[in-house]
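Here's a quick briefing to read with the model open. Grab your viewer and follow along.

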Amino acid sequence: MSGKLKGAEIFIECLKKEGVKHLFGIPGGAIIDLHDAIYKQKDIEFILTRHEQGAVHMADGYARSTGQVGVSLVTSGPGATNAVTGIATAYMDSIPLVVFTGQVPTHLIGNDAFQEVDIVGITRSCTKHNFLVKDVKDLAYTIKKAFYIARTGRPGPVLVDIPKDVQTASCEFEYPDAIHLRSYNPTYHGNPKQIKKVAKVIEQAERPLLYIGGGVITSNAHKEVLELAERLQIPAFTTLMGIGAFPADHPLSLGMAGMHGTYKANMAIQYCDLLISIGARFDDRITGKVSEFAPNAQVVHIDIDPTSISKNIKVDYPIVGDAKLVLKELLSILKDNNKIHQNRKKWLDLIKKWDSEHPLSYEDSDKVIKPQYVIQLLNKLTKELDPIVSTEVGQHQMWVAQFYNFNKPRRFLTSGGLGTMGFGFPAGIGASFANPDKQVFVIAGDGSFQMNLQELAVLATYKLQTKVIILNNSYLGMVRQWQQLFYGRRYANTNIEVQPDFVKLSESYGIIAKRVEDKKDVEQALTELINYNGPYVLDIKIEREENVYPMVPGGAPLSEMILT
Amino acid sequence: MKRIFSVIVENEAGVLSRIANLFSARGYNIESLNVAPINELNLSRMTIVTEGDENILEQIGKQLNKLIDTIKVIEYSDDVPYVEREMALIKMHTDSSTRAEILRIVDIFRGKIVDVSQNSYTIEVTGSSEKINAILNLLEPLGIKEIARTGKVAMSRESKQ
């Protein structure tokens, strides 16, 4: 395309070149020109949300469920600050997003103008990078850079702040095909010598253990991980972010480790002699007390981000690189001789013993509805559908992580790092836009759901296949659990019995909804929700004081699990 | 443990703030920080003196590298021979009883008087931070009015072979 274009038109052309199909946000004074340009075209659909936080979470769910860059457009000032929680959520979980914010005209910047905020300053520590575009001539190249930075290396959110006068100024439009930044060159190929060394220690290890993080999903390395595990008979656990990167139903799967991890996974960490971490970052929710974490193990750490290596735990064999490329190389070295240590069977038997001693369990009841029962049932009923499951944050999130078996990546969407209540519902909506043929189940707590329930309007508008299941205990349950266990049952400010009637609320938006209070009705209600063609909200009143177990108290070593 | 980092960065708006933000957000100390453009187009060199144990220093190096605007990070420790210099401007109260002594001290430290008035000298002195500290110690009892220090700048030594 040649000839002069306005900034707003350049914005549209750039998004088209990047293959953007959906844009989530809310208009405002500082982006009214961009919206005018959106109005005049048909390639990009604008999804009008009801809060900017919801918009960014939708873009995030879109990105998590597809691996593509999610895109959001919000206005200056409050629009931009409302987006910050969404941006920080994506940053903590390394999700590729490009968030566009409107800004007051360049001549007013710094004047405390109406709806002005220094969003570039505010988001500096929660974006991978951010830009203020001061000249329309820089707009196309900046957008190119933003998408490139967001999706390469360790992905993350990038913010582009566009002043109003840049949107209306004109210049020649040219979109660069390729991009090279002298200051940004992620390392993709691991050091070959180091990979050879690691191949050797893996062959020699008696009790090796795979530690699978979200990076495996990002790098699309789940097949290579599985091949490594199967060929050398190495058991594997995942982090919360790594769920789905290793098939939960696989005999070598230990489930999730950490604070609410399985007994066998946590014990395996404490007893393994080689811990092979791939695309994970030794978060405090995984390690427990750092000084007593994996005390018998040498540690291999494969990660694309050098700052993740030896940050919390001293690593013996660091490999900086893309998980998939490093594993391919590693597998090719291991190819000819799949040496499995003679004592491997002993190791796997020990894990089996741990599993039979303390499997994931709960005490079911006929009088009240147990949340774990609901998740197990949903797992059984939806297995064949291969659905996407999005969660909010809290007890219900852990029950899904424990009792829903994810066998494929990009099926489980959850805010792991930041732990953002209010994430799951809009993220599920975003996933529905990206995967219109798939069912998306949002598992929410009643507390979290109230943090972004205004997005019911989006659901009502687009009649998506997003099904919301509220596990309603009328508590901020996870905090209540801590209060019960560690604060002498003093339930300070966690009782939220005063809440909307979620059924009537949904119906007021024109969305079908139902409430279940009796265990015998759960299966039928779930079946009805699954079979319904369109959005559906199911409010399930669960046991109010059910706890998530096992639990490693904050700061305790992994071996000190509270089991029931 | 002290360490000097030289960071070559894109000379773009906000880059200083990104670096400062990195240090404050992660709780690292900055003892001194010096920034100025260098001869290559649109590049600046920052010299940061910081303190921490080996793990922290390793993280600081990696985190500096991770910033999108960073082109190169050079670390100076005892394993790498390097030259470091700092400059100070020192304004002294003077009277007939102190002028001669001040001049003598400035001379010993190969400093210069760059501004003179009825009752003041402004001294320029360059050297290692220890040298600057030493002259300040000697001048202190004679009446220092104001001090401005650049903070360290550093560069590796070339091999002598």
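Leaving aside residues up to four places away in sequence, Thr142(A) touches Phe131(A), Val133(A) and Val160(A). Keep in mind that this is a predicted model.

**Around Thr142(A)**
- You'll find Thr142(A) in helix α6 of chain A, which covers residues 139-151.
- Thr142(A) has 8% relative accessibility, so it counts as buried, the cut-off being under 20%.
- Ala55(A) sits 87 residues away from Thr142(A) along the chain, and their C-alpha atoms are 22 Å apart.

**Two helices in chain A**
- Helix α10 (residues 222-232) and helix α13 (residues 323-334) of chain A have axes that come within 9 Å and cross at roughly 30°.
- Angles under 35 degrees count as roughly parallel, so α10(A) and α13(A) are roughly parallel to each other.
- The crossing of α10(A) and α13(A) is left-handed.
- On the α10(A) side, the residues that meet α13(A) include Val225(A), Leu228(A) and Arg231(A); among their counterparts in α13(A) are Lys324(A), Leu327(A) and Leu331(A).
- Sorted by class, the contact between α10(A) and α13(A) has seven nonpolar residues, five charged ones and no polar ones.

**A hairpin in chain B**
- Strands β2 (residues 32-37) and β3 (residues 43-51) of chain B run antiparallel and are joined by six bridges.
- Across the pair, Ser32(B) stands opposite Val49(B) of β3(B).
- β2(B) and β3(B) make a hairpin with five residues between them, and Asn42(B) in the turn has a positive phi of about 60°.

Definitions and conventions: Residues are numbered from 1 along each chain as its sequence is written. Chains are lettered from A and ligands numbered from 1 in the order in which they are written. This is a predicted model: local features need pLDDT of at least 70, side-chain atom pairs count only at pLDDT 80 or more; totals for chains, interfaces and linings use all residues. Side-chain values use heavy atoms; hydrogens and water are left out. Axes are lines fitted to C-alpha atoms, for helices over the stretch in contact, and angles run from 0 to 180 degrees between N-to-C directions. Helices (H or I, at least four residues) and strands (E, at least two) are DSSP runs, numbered from the N terminus. Angles under 35 degrees count as roughly parallel, over 145 as roughly antiparallel, 65 to 115 as roughly perpendicular and the rest as oblique. A crossing is left-handed if the near helix is turned anticlockwise from the far one by less than a right angle, and right-handed if clockwise. Contact means heavy atoms within 4.5 Å. Ala, Val, Leu, Ile, Met, Phe, Trp, Tyr, Cys and Pro count as nonpolar, Asp, Glu, Lys and Arg as charged, and the others, Gly among them, as polar. Two strands pair if DSSP finds at least two bridges between them. Buried means under 20% relative accessible area, exposed over 50%, partly exposed in between (1.4 Å probe, protein chains only).
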